[in-house]
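Subject: Structure handover

Hi,

Here is the structure for you to look at. My notes follow below it.

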Amino acid sequence: EINPKPDFIIAIFYRKMSVALLELSRKYDVPVFIVNTNIPNDDLMDVGVPRDKYKNFLGVIAANEFQAGYKLAKYLIQESRDNNKQKSIVAISGPRESTEAVERNKGLSQAVKEAKNSVLYQTLYTNWEEEQAYILMKRILKRYENIDILWTAGDGLALGAKRAIVESDTKMNIIIGGIDWTKNGIDAVKNNELNATVGGNFMNAGFALVLLYDYFHGKDFKNELGTQIQLDMSLLTKENIKEYLDKFTTNNWDKINFKKYSKHLNPTFHTYDFSLDSLYYNFE
């Protein structure tokens with residue numbers, strides 16, 4: 001037993017481990033807040049929703065994976081030059097059973113459906129490994145005479161596929177994007193190797209602390225956001241990559257003033273704003 005016990009726990013859910021974590025929090029009466037993982041499907045029946053079966057289960061804050069896939073596809077379709085021609089899209093995703101991959105794929109499908117001038121040729125699946133994407137892209141380039149857009153569910157997949165494209169000497173002008181805001185993905189956008197990356201979900205732990213701080217000071221985030229919070233990720237492209245890099249390097253995240261997000265410390269605030277623009281504004 002830990003003495004003194006913590007005021008709260010910030011954690012992620014692992015499949016088949018969710019109940020054990022929540023039972024522990026109930027036993028020791030320590031609130032739990034889950035970050036960057038939703039309730040696993042296998043555990044939904046046993047866990048329920050926050051603050052129901054487990055009163056100490058305060059909430060979940062995770063990325064809106066559907067929106068990430070949708071936002072990336074929307075941008076890539078718009079960036080594809082010839083608007084009078086049908087856009088040919090190929091997708092490289094994560095594992096079929098991965099919740100993140102499934103939701104990101106749904107976002108892609110919705111964007112293609114809305115675009116009308118686009119067709120999704122094929123979605124291929126990987127274990128999130130860059131080398132797999134490299135091998136698959138080599139096959140794709142032999143399979144299709146024309147590809148306008150390559151949508152990938154992860155930056156590593158985008159970079160592996162890009163390597164295959166460069167080695168192939170193809171004449172196709174393929175627009176490529178990924179998801180996650182990895183360091184390599186961001187560098188690739190900066191260097192014009194990738195057209196876009198969607199991400200920012202690593203900031204959710206910081207936002208969780210803001211919500212917990214307000215909760216323990218009498219301002220319950222449930223009233224505005226509910227207890228299962230999905231935050232939109234942000235798009236980095238050649239248009240805004242310089243501003244991002246000027247502000248945020250690996251050494252200066254501590255310059256974000258998280259106090260400026262708190263409703264308790266800023267009584268005039270009516271809504272939370274965890275957007276990329278707000279990060280720029282609260283950077284000191």
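First, a definition: contact means heavy atoms within 4.5 Å. Helices (H or I, at least four residues) and strands (E, at least two) are DSSP runs, numbered from the N terminus. Axes are lines fitted to C-alpha atoms, for helices over the stretch in contact, and angles run from 0 to 180 degrees between N-to-C directions.

This is a predicted model: local features need pLDDT of at least 70, side-chain atom pairs count only at pLDDT 80 or more, and totals for chains, interfaces and linings use all residues. Residues are numbered from 1 along each chain as its sequence is written, and side-chain values use heavy atoms, with hydrogens and water left out.

**The sheet**

Six strands form an open sheet with mixed pairing, in the order E5-E4-E6-E7-E8-E10. Two strands pair if DSSP finds at least two bridges between them. The edges are strand E5 (118-125) and strand E10 (234-237), each pairing on one side only. On average, neighbouring strands are turned by 20 degrees against each other, direction ignored.

Two pairings inside the sheet are worth a look. Strand E4 (residues 87-93) runs parallel to strand E6 (residues 149-152), and four bridges join them. Val-90 has Leu-150 in E6 as its bridge partner. E6 also runs parallel to E7, with three bridges between them. There, Ile-149 is partnered by Ile-175 in E7.

How well covered is E7? Five of its five residues are buried. Buried means under 20% relative accessible area, exposed over 50%, and partly exposed in between (1.4 Å probe, protein chains only). In a regular strand the side chains alternate between the two faces of the sheet. In E7, one side carries Ile-175, Gly-177 and Ile-179, and the other carries Ile-176 and Gly-178; both faces are covered.

Helix H5 (residues 130-143) lies across E4, E5 and E6, and runs at about 140 degrees to E5. Helix H6 (residues 155-168) lies across E4, E6, strand E7 (175-179) and strand E8 (196-199). H6 runs at about 155 degrees to E7.

The two helices also meet each other. Their axes come within 7 Å and cross at roughly 45 degrees. H5 and H6 are therefore oblique to each other. For reference, angles under 35 degrees count as roughly parallel, over 145 as roughly antiparallel, 65 to 115 as roughly perpendicular and the rest as oblique. The crossing of H5 and H6 is right-handed: a crossing is left-handed if the near helix is turned anticlockwise from the far one by less than a right angle, and right-handed if clockwise.

Which residues meet in the contact of H5 with H6? From H5 they include Tyr-134, Met-137 and Leu-141, and from H6 they include Leu-157, Ala-161 and Ile-165. By class, the contact has nine nonpolar, three polar and five charged residues. Here Ala, Val, Leu, Ile, Met, Phe, Trp, Tyr, Cys and Pro count as nonpolar, Asp, Glu, Lys and Arg as charged, and the others, Gly among them, as polar.

**Positive phi**

Two aspartates have positive phi. Asp-169 has phi near 60 degrees and lies in the loop between H6 and E7. Asp-169 counts as exposed because its relative accessibility is 60%. Asp-180 has phi near 130 degrees and lies in the loop between E7 and helix H7 (183-190). At 27% relative accessibility, Asp-180 counts as partly exposed.

- Ile-39 sits in the loop between strand E2 (32-35) and H2. Its relative accessibility is 8%, so Ile-39 counts as buried. Ile-39 touches Phe-13, Leu-44, Val-47, Gly-48, Phe-57 and Gln-228, not counting residues up to four places away in sequence.
- Lys-53 is in the loop between helix H2 (44-47) and strand E3 (57-63). Lys-53 counts as partly exposed, at 43% relative accessibility. With residues up to four places away in sequence left out, Lys-53 touches Arg-26, Asp-46 and Val-47.
- Asn-240 belongs to the loop between E10 and helix H10 (241-247). Asn-240 counts as buried, at 17% relative accessibility. Leaving out residues up to four places away in sequence, Asn-240 touches Leu-235, Leu-276 and Tyr-280.

Best wishes
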